[in-house]
Amino acid sequence: MDLSSINWLLLLASLMVAATPILLAGIGELVVEKAGVLNLGVEGMMITGAIAGFATAVESGSPTLGFLGAAVAGALLSMLFAVLTQFALANQVASGLALTLFGLGLSSLMGQSYVGLKPPSTPKLDIPLLSDIPVLGPVLFSHDLMVYFSIALVAATWAFLKYTRAGLTLRAVGENHEAAHALGYKVVAIRCAAIAFGGACAGLGGAYLSLVRVPQWTEGMTSGAGWIALALVVFASWKPWRVLIGAYLFGGITVLQLNLQAAGLKVPVEYLSMSPYIITIIVLVIMSSGRSRGALGAPASLGRTFHATG
Amino acid sequence: MIRLEKRPNASKAWSYSTPLLAVLLTMIFGGLLFAALGKDPIAAIRTIFYDPLLGQHAFFYRPQLLVKAAPLILIAIGLSLGFRAGIWNIGAEGQYIIGALCGAGVGLAFYPTESFIIFPLMVLAGALGGWAWAMIPAVLKTRFGTNEILVSLMLVYVAENLLRGMAVGLMKNPEGFGFPGSRNLAQYPSATSWISQNAGLHWGVAFALIAVIFAYILLTRHMLGFNIRLAGQAPRAARFSGVNPTRLVLFCLGTSGALAGLAGLFEVSGPAGQITTDFNVGYGFTAIIVAFLGRLHPVGILLAGLLMALTYIGGEIAQSQLQLPAAAIQLFQGMLLFFLLAVDLLTNYRIRLKQGAAA
């Protein structure tokens, strides 16, 4: 193996691209879980976003419209989950799984005529001045708009949850839905809004995969990215900035693993490809060991069904 | 104004009829979907649900029904135990793969020796493989409190990569002209799970039936079964009555892993025949639908497994005769789970129509 053949600066730059899909999906799921809802359908919403965004971009020729379409598709799909869990009071774990299975089927049906096509390329946005900095400039400040958007979204989510009244209400609903209901907050409506936001983010993440990262449509192309986004939220102890750190760490591992494959490490590709999943498990174990659910920072009402009796 | 009122006890009548209602709704909406794809909905539904059972070529399709249903039932029975106790093993697909790899590994190691002992050893290896793979999330959950949903799912992707590595590496057929894939176990008399290929009978079918009976006895007649149900319905009461949650997690995940491993082994040594890169076809995930469709009840799962097998086979016929895309069938199955969860509301709640605003 020849480690010197790996361009470490290029690796840093591609790390940000590799991390963006799970960062987008992860920050969306964080808001959903902060509202006390566990949506395990991230994978399904991501892949539906991937094909919806791809199809919209190919048909319209505009990647911007593609991303928009993906967000709408993800949000629409998440509404199915909202109806099931918030109105039909179904089990959230089972409903999330249903959403994933449904999304996988839906996406492969929608994607049949799009296999092998090339999407319109998403333009790079060189930030003036900053991108001219030697070495760091091209690495950090010469990406497409979605990379910066995802970081801005993390900042916005953090500020929303920490400093706004609406954010506080959302957290209250997630911590104790009975109390929030007693105070007159519309628990179901707030949760539906959070679920829709999570769906839109997952859709964007999926579209980033099919429009920028890969970029083409293949069946089942998310290959667990949605699940990794779910793990990311646990890793982040439900804190927005830590989702960013986690996503970049994870993106780094993915990119490094791909580079090691290219550099000819004497380990078969199949075994190297396992590494992101194994590392996710190890991280989950480290995060959960020796600490109680409360210390981890999980919202107290997470995953519990709310039924207003009064 | 519609208001929901929680029933003091789950309705028996609805709990039997909701699965049927869900199937009916899926047929209606599936028909609409097929119509949207430009196919005759009535013909499509008939091709999927009627032709494999009673159509002109049914004699050819009926045995396949058992072949498809067996792994689904085996896996779903195992999953249902955990689901009842609130333990979510959704990595059955991975346990299925590992079971197949372990079992096939034993079989391939003995090739070309003929002995009656080889197949039982493979069965053992398959069950142990699946069990061990499921023990990873189980032990991590009991030791560190790690979420079993995410771990078991991550392990599916690990198992898939392992499968690919094995199919092109260690288990590759030395006489296979360099193509990926192992020797064909179905053509190795000591290692095949087929009892009668024409009747669609292999050992997996027999084991599926045995699993249904055992699960039924366990849940209705045994203390452990009672504890599983108790832990799911009233976790606090279960704790007070001394149910050991650690042992429950180990038992539920272990059993479902072993059953999924068995399903994988019977598949690889029979219908599939060999380890290939795309050996797994998603039975582990479809079994989740089967478990819910059967209302987590062994007899229900038996029927649900047969029904789901019907949609697989009917789907294949519809694919070749009506050019219905394979993905449409997948979507159809996903829809079924949606409707099941939605109409389940009727089992636990009464819907009251009230005049004016609700208090």
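Predicted model: local features only at pLDDT ≥ 70, side-chain atom pairs only at ≥ 80, totals over all residues.
Entry 1: I started with ring pairs. Over all chains, the count comes to 19 aromatic pairs.

**Entry 2: a pair across chains.** I looked up A:Tyr277 and B:Tyr157, whose ring centres are 4.9 Å apart with 15° between the planes. Planes under 30 degrees apart count as stacked, so I wrote this pair down as stacked. Where do the two residues sit? A:Tyr277 belongs to helix H12 of chain A (residues 269-288), and B:Tyr157 to helix H7 of chain B (residues 148-168), so the pair joins two chains. Next I checked: buried or exposed? A:Tyr277 is buried at 10% relative accessible area, and B:Tyr157 is buried too, at 14%.

**Entry 3: a pair within chain B.** Then I turned to B:Phe49 and B:Phe332. Their planes stand at 55° and their ring centres are 6.0 Å apart, so I noted the pair as tilted. B:Phe49 is in helix H2 (residues 41-49) and B:Phe332 in helix H14 (residues 326-343), both of chain B.

**Entry 4: a cluster and a charge.** Which residues do ring pairs link into a cluster? I found B:Tyr96, B:Phe279, B:Tyr283 and B:Tyr312. B:Tyr312 came up again when I looked at charges: the charged end of B:Lys68 sits over the ring of B:Tyr312, 5.7 Å from its centre.

**Entry 5: one more charge.** I also noted B:Arg143, which lies over the face of B:Phe144 at 5.4 Å from the ring centre.

Definitions and conventions: Residues numbered from 1 in each chain as written. Chains lettered and ligands numbered in written order. Heavy atoms only, no water. Phe/Tyr/Trp six-rings, centres within 6.5 Å; stacked < 30°, edge-to-face > 60°. Helix = DSSP H or I, 4+ residues; strand = E, 2+ residues; numbered from the N terminus. Buried < 20%, exposed > 50% of the residue type's maximum accessible area, 1.4 Å probe, protein only. Lys NZ or Arg CZ within 6 Å of the ring centre and 35° of its normal.
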